[in-house]
Amino acid sequence: MVAVALSLVGRVRLGRRTLAELNAKMQFLQPTKLAVDQIQELLSRLRAQEMAFRGLKKGQGLWSKRLNVLSNVTPEGVWFTELTLNPTQGLMIQGSAIEEGGSEMVNVGRLVQDLKEDPDVASAVKDIQIESIKRVQDGDIEVVHFTLACALREPAEALGLGIP
């Protein structure tokens, strides 16, 4: 009976030691796991963008026309810093405008209105909203940073795949 009890105590101690070693290894690997998870999330977002851009390529004639409209209706003093196409959020346009006595806000509003009124853009985008707008002092120049959220119509239509 004593031998069985000692055997069980030994196994319990061995189990605890093994558990402590495994916990220490988990703690050591936790930062690496977090880094891998972040990379996987980034890869997933990039794959989604790749699929969206592949769809754009299939309808590139339509989208090149729409991007040309974007260029044509952009007011002076406004420029774009990033265009992102996301299947769930749609087309996100980030840009900036130089402060010109208060007209920069009007210019951003006019850009949105001109894009909404263009038939080529309207055929792909069901709504365009100013998602964010923020004034920033950059040395002697005041700049307004903005983000436009362009909700796409049905994905096949919006990507110009010719499916009604």
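Student: How far does helix 3 (residues 103-117) reach from its first C-alpha to its last?

Tutor: This is a predicted model: local features need pLDDT of at least 70, side-chain atom pairs count only at pLDDT 80 or more, and totals for chains, interfaces and linings use all residues. Residues are numbered from 1 along each chain as its sequence is written, and side-chain values use heavy atoms, leaving out hydrogens and water. Helices (H or I, at least four residues) and strands (E, at least two) are DSSP runs numbered from the N terminus, and a helix's expected span is 1.5 Å times one less than its number of residues. Helix 3 has 15 residues, and its reach is close to the expected 21 Å: it is 21 Å.

Student: How many residues of strand 2 (residues 90-98) are buried?

Tutor: Strand 2 has nine residues and is mostly covered. The buried count is seven.

Student: How many bridges join strand 2 to strand 4?

Tutor: Two strands pair if DSSP finds at least two bridges between them. Strand 1 (residues 78-86) pairs with strand 2 in the antiparallel sense, with Val78 opposite Ala97. Strand 2 and strand 4 also run antiparallel; Gln94 stands opposite Thr147, and Ile98 has Val143 as its bridge partner. The number of bridges joining strand 2 to strand 4 is eight.

Student: Which residue takes a positive phi in the hairpin of strand 3 and strand 4?

Tutor: Strand 3 (residues 125-138) runs antiparallel to strand 4, joined by 12 bridges. Asp127 has Ala151 as its partner in strand 4. The hairpin has two residues between the strands, and the one with a positive phi near 70° is Gly139.

Student: Is Ile141 buried or partly exposed, and what is its relative accessible area?

Tutor: Ile141 lies in strand 4 (residues 141-152). Ile141 counts as partly exposed, because its relative accessible area is 44%.

Technical notes. Buried means under 20% relative accessible area, exposed over 50%, partly exposed in between (1.4 Å probe, protein chains only).
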